[in-house]
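Reader: I am new to this structure and would like to understand the words used for it. Could we look at it together and set each term against its definition?

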Amino acid sequence: MSFANVPNLLLEPIIRTALMEDLGSYGDVTTRAVVPATTTCHAELVAREDAVMSGMQVAAIAFQLIDADLEITTHISDGQRCQKGDTLMTIKGSAASILSGERVALNFAGRLSGIATKTARFVDKTKGTRARVTCTRKTTPGLRLVEKLAVLHGGGSNHRFSLSDAIMIKDNHIAAAGGVRQALEAVQAQASHMMAVEIEVDRLDQLSEVLEIGGASVVLLDNMDTDMMRKAVTIVDGRMKTEASGNVTLERVHSIAATGVDYISSGALTHSAPSIDVGLDF
């Protein structure tokens, strides 16, 4: 299974929760009062600006959960680029059903397309280097799956989905353990051989200590300037994967990629992406 093509079954609980929040205790009282139940229509989901699309699968599920009889056709799929004015999806059937699912579908499409679009801009800046742009766990609570999916649609990669995916020793872990050596030796004594290990450093002497002790397969170079990062990549010399993190901006990401790091992680891909304007027209 590709993470960029998640089965509907895994997405439905997230979308169902959003629909329940929006419908409240009594459902769509406005539509029920104003629109006859027999009224049918043809509606279009339309891009109001250029974007990389995400949330099309999610939007379709939202409408289907409201009314399985709606006829839904997706014209621009997740991961594809669109231009302002493009029709993204058409929905035919009960006008009341379309109106009741409209806001949830648009919220997901706008939010997730914003993440995909921001990710694509970062990825474009790293072309010609080996660096892969990746997101973090700085996601909206309850929406991690779809937000990380949007990063994939933008051409990025995913970091951990949860605390249980891999061992990632950060600065606070090192402080609590008593130092880099103590943290790595504890991992070597207790962790499964199947579990990947990453450790964070912000100084070159820490990096040298990590290489001396061993036990990690990835080193996170935290908040280093580009000169120090380049030295760190040279010191590692391919013995571990290198990941840059901290103060990763669109203006700086190319220079970070040029240092030779393998990965560049940025929480901004998910926590600071502006939503794309997507509308629904009858």
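Author: Let us begin with the terms for strands: two strands pair if DSSP finds at least two bridges between them, while helices (H or I, at least four residues) and strands (E, at least two) are DSSP runs, numbered from the N terminus. This is a predicted model, in which local features need pLDDT of at least 70 and side-chain atom pairs count only at pLDDT 80 or more, whereas totals for chains, interfaces and linings use all residues. Residues are numbered from 1 along each chain as its sequence is written, and side-chain values use heavy atoms, with hydrogens and water left out.

Reader: What makes strand E10 and strand E11 a pair?

Author: Three bridges join strand E10 (residues 241-245) to strand E11 (residues 263-265), and because at least two are required, the two strands pair. They run parallel, and one of the partners across them is Ile 264 of E11, which is bridged to Ala 244.

Reader: Why are strands E6 and E7 said to stand at the edges of their sheet?

Author: The open sheet has six strands in the order E6-E11-E10-E9-E8-E7, with parallel pairing. Strand E6 (132-134) and strand E7 (167-169) each have a single partner strand, so one side of each is left without a neighbour in the sheet.

Reader: Which residues of helix H8 are called buried?

Author: Buried means under 20% relative accessible area, against over 50% for exposed and partly exposed in between (1.4 Å probe, protein chains only). In helix H8 (residues 204-213), Gln 206, Leu 207, Val 210, Leu 211 and Ile 213 are buried, and their cover includes helix H7 (180-190), strand E8 (197-201), strand E9 (218-222) and helix H9 (226-236).

Reader: How do you know whether H8 is roughly parallel or roughly antiparallel to H9?

Author: Axes are lines fitted to C-alpha atoms, for helices over the stretch in contact (heavy atoms within 4.5 Å), and angles run from 0 to 180 degrees between N-to-C directions. H8 and H9 pack at about 15°, with their axes 11 Å apart. Angles under 35 degrees count as roughly parallel, over 145 as roughly antiparallel, 65 to 115 as roughly perpendicular and the rest as oblique, which makes H8 roughly parallel to H9.

Reader: Which residues meet where H8 packs on H9?

Author: Leu 204, Leu 207 and Leu 211 in H8 meet Met 228, Lys 231, Ala 232, Ile 235 and Val 236 in H9.
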